[in-house]
Protein chains: 2
Amino acid sequence: MTPTDTARDAPRACFIAAGLEVLGERWALLALREMSLGVHRFDQIARNTGASRDILTSRLRTLESHGVIERVQYSEHPPRHEYHLTISGAEIAPILISLAAWSSTWMRDETPRASYRHSCGADLKPVLTCAECGEEFRLGSLMLGPLVSTADAIPVDKQRQI
Amino acid sequence: MTPTDTARDAPRACFIAAGLEVLGERWALLALREMSLGVHRFDQIARNTGASRDILTSRLRTLESHGVIERVQYSEHPPRHEYHLTISGAEIAPILISLAAWSSTWMRDETPRASYRHSCGADLKPVLTCAECGEEFRLGSLMLGPLVSTADAIPVDKQRQI
DNA sequence: TCAGTCGGTTTGAATTTCCAACTAACTTGT
DNA sequence: ACAAGTTAGTTGGAAATTCAAACCGACTGA
């Protein structure tokens, strides 16, 4: 039994699986993409993602309940809300950027698509390094660590803030 | 009409959306997680992800048809295959790592989960920087660029290799 | 007054996923 | 030799999710 095995029938409970429970539902990342591009209103998010309105409603509620986004009222009568990223939501940027970079390298086909760039003006060429040792992450540099739960506190500078 | 707007009804065709068409289907990233942890066989991938076998079959076929993974025969009679990451598949590492890091910061709850670490031994603390200017990526540093398609060739060192 | 906007909700149909059982071709243990 | 187990699927029917379009209430602007 190597460390990468799991018990006979239990799926691997890890933080990748946990993150996907929130971010991995259909349309969730596209909605977050819109907010990081400065689009905050329901109708525009629905149009720009292509999600149907009922599903989008449900996704936004899930993201809100997990503290990834927040609803900000911008009109009293009638009550109207905008959707904004929280600190937690802003920190999905590396996920979107890695995805955009991978996709623009490997998903080139005949259909023209919007590319992305860094605010410095350059094409997307993100490099992911370990803050500890400075080495670049690559295949095989990701390894399973110990089990953690709430018992291990979230660092103060990372605590949920809405 | 700001650059972040889209035509009245067309969803934004961008590389994030394109990448999610392949990587964003349910179970796809978990299957890729297994392969990057060294698990290459159907039964074990099914058990470790929790995906039902028919859906997993379908996902693996999709990933294969997009060149993200390849089937490697390891037995002639009966024909049996292992699933391995291609170059393209290996390069999803930054996506998985960013997701794992985000999740272990923000998705702490009572259920204990496997954490991840870098091969240097440190906890996951990935930093995403722009290869061009060296600045760290953050919210707002991702901007839309021009439309691109096959016309713009994939760099030779990045061409699909199976 | 009348069309249009905004953020949804409702409805019923279409699609996807789930699960358990089944298969085929082996291999291993007794 | 024979039974049991392993492996990589496939099948079928039920359950869950998603879809698209219509509808709604409270407005706004012409």
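**Figure 1. Residues around DNA strand C.** Of the 21 residues around DNA strand C, those that come nearest are Arg53(A), Tyr74(A), Arg80(A), Tyr83(A) and Arg59(B); a residue is near a molecule or strand if one of its heavy atoms lies within 4 Å of it. Sugar and phosphate make up 57% of the atoms of DNA strand C that come within 4 Å of the protein. The structure is a predicted model, in which local features need pLDDT of at least 70, side-chain atom pairs count only at pLDDT 80 or more, and totals for chains, interfaces and linings use all residues. Side-chain values use heavy atoms, with hydrogens and water left out, residues are numbered from 1 along each chain as its sequence is written, and chains are lettered from A and ligands numbered from 1 in the order in which they are written.

**Figure 2. Phosphate oxygens of DNA strand C and the protein.** A polar side-chain atom of Arg59(B) is placed 2.6 Å from a phosphate oxygen of DNA strand C. Two or more residues each are given to the surface near DNA strand C by α3 (42-49), α4 (53-65), β1 (69-75) and β2 (80-85) of chain A and by α4 (53-65) of chain B. Helices (H or I, at least four residues) and strands (E, at least two) are DSSP runs, numbered from the N terminus. With four residues, α4(A) gives the most to this surface.

**Figure 3. The interface of chain B and chain A.** In this interface, 98 residues of chain B are in contact (heavy atoms within 4.5 Å) with 98 residues of chain A. The rule finds four salt bridges across it, a salt bridge being a side-chain nitrogen of Lys or Arg within 4 Å of a carboxyl oxygen of Asp or Glu. The side chains of Glu34(A) and Arg12(B) form a salt bridge, at 2.6 Å from N to O. On the side of chain B that touches chain A, the largest share, 13 residues, comes from α6(B).

**Figure 4. Strand pairing between the chains.** Strand β3 of chain A (residues 113-118) pairs with β5(B) in the antiparallel sense over five bridges; two strands pair if DSSP finds at least two bridges between them. Within this pairing, Tyr116(A) stands opposite Leu144(B) of β5(B).

Definitions and conventions: Polar contact = N/O pair within 3.5 Å; in protein donor to acceptor, adjacent residues only side chain to side chain.
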